[in-house]
Amino acid sequence: MKKIEAIIKPFKLDDVREALSEIGIAGMTVSEVKGFGRQKGHTELYRGAEYMVDFLPKVKLDIVVADDQVDRCIDTILETAQTGKIGDGKIFVTNVERVIRIRTGEENEDAV
């Protein structure tokens, strides 16, 4: 099993969730996060004063899938979340050693 962490632009969340649902991805955890990379941030005006916004709002998706679903999941996120502009985000893939469903005690792929 693999854990896919995708950092995307907030306005792309509904499109990505819907596209993942269409390929059979049933569950995910969504967090509102802030960060920056090459995009760095931007300046804004507030009551006549200019200030720097260093951390930009993003959405983080955590999805655990079977090994055979990883490539389809990544491809779907790429196709759906990509705008072609700086700040589109990142996808991280890591190994998951064990998953346990608390309610039933099911483990691994049965628990996902």
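By salt bridge I mean a side-chain nitrogen of Lys or Arg within 4 Å of a carboxyl oxygen of Asp or Glu. Arg98 counts as exposed because its relative accessibility is 54%.

A word on the source before I go on. This is a predicted model, where local features need pLDDT of at least 70 and side-chain atom pairs count only at pLDDT 80 or more, while totals for chains, interfaces and linings use all residues. Residues are numbered from 1 along each chain as its sequence is written, and side-chain values use heavy atoms, with hydrogens and water left out.

Now the fold. The protein chain has two helices and six strands, and along the sequence they follow the pattern β-α-β-β-β-β-α-β. Helices (H or I, at least four residues) and strands (E, at least two) are DSSP runs, numbered from the N terminus. Of the 112 residues, 30% are buried. Taking contacts between residues at least 6 apart in sequence, 69% join residues at least 24 apart; contact here means heavy atoms within 4.5 Å.

Back to the charges. How many salt bridges does the structure hold? There are four, and one of them joins Lys9 to Asp88, with the closest N and O atoms 3.7 Å apart. That pair links distant parts of the chain, 79 residues apart: Lys9 sits in the loop between strand E1 (2-8) and helix H1 (13-22), and Asp88 in the loop between helix H2 (70-81) and strand E6 (90-95). Are these two buried or exposed? Both Lys9 and Asp88 are buried.

Another salt bridge pairs Arg101 with Glu106, at 2.9 Å between the closest N and O atoms. Arg101 is partly exposed, at 26%, and Glu106 is partly exposed too, at 32%.

Finally, helix H1 again. Glu18 is found in this helix, and its relative accessible area of 46% is why it counts as partly exposed. Together with Asp14, Asp15 and Glu22, Glu18 forms a negative surface patch. For such a patch, residues need over 30% relative accessible area and no salt bridge, and like charges are joined within 9 Å. Thanks, and happy to talk it over!

Definitions and conventions
Buried < 20%, exposed > 50% of the residue type's maximum accessible area, 1.4 Å probe, protein only. Patch = residues over 30% accessible without salt bridge, like charges linked within 9 Å, V, L, I, M, F, W, Y side chains within 5 Å. Areas by Shrake-Rupley, 256 points an atom, 1.4 Å probe, with all protein chains shown as cover. Lys, Arg positive; Asp, Glu negative; His and termini not counted. Charge placed at Lys NZ, Arg CZ, Asp CG, Glu CD.
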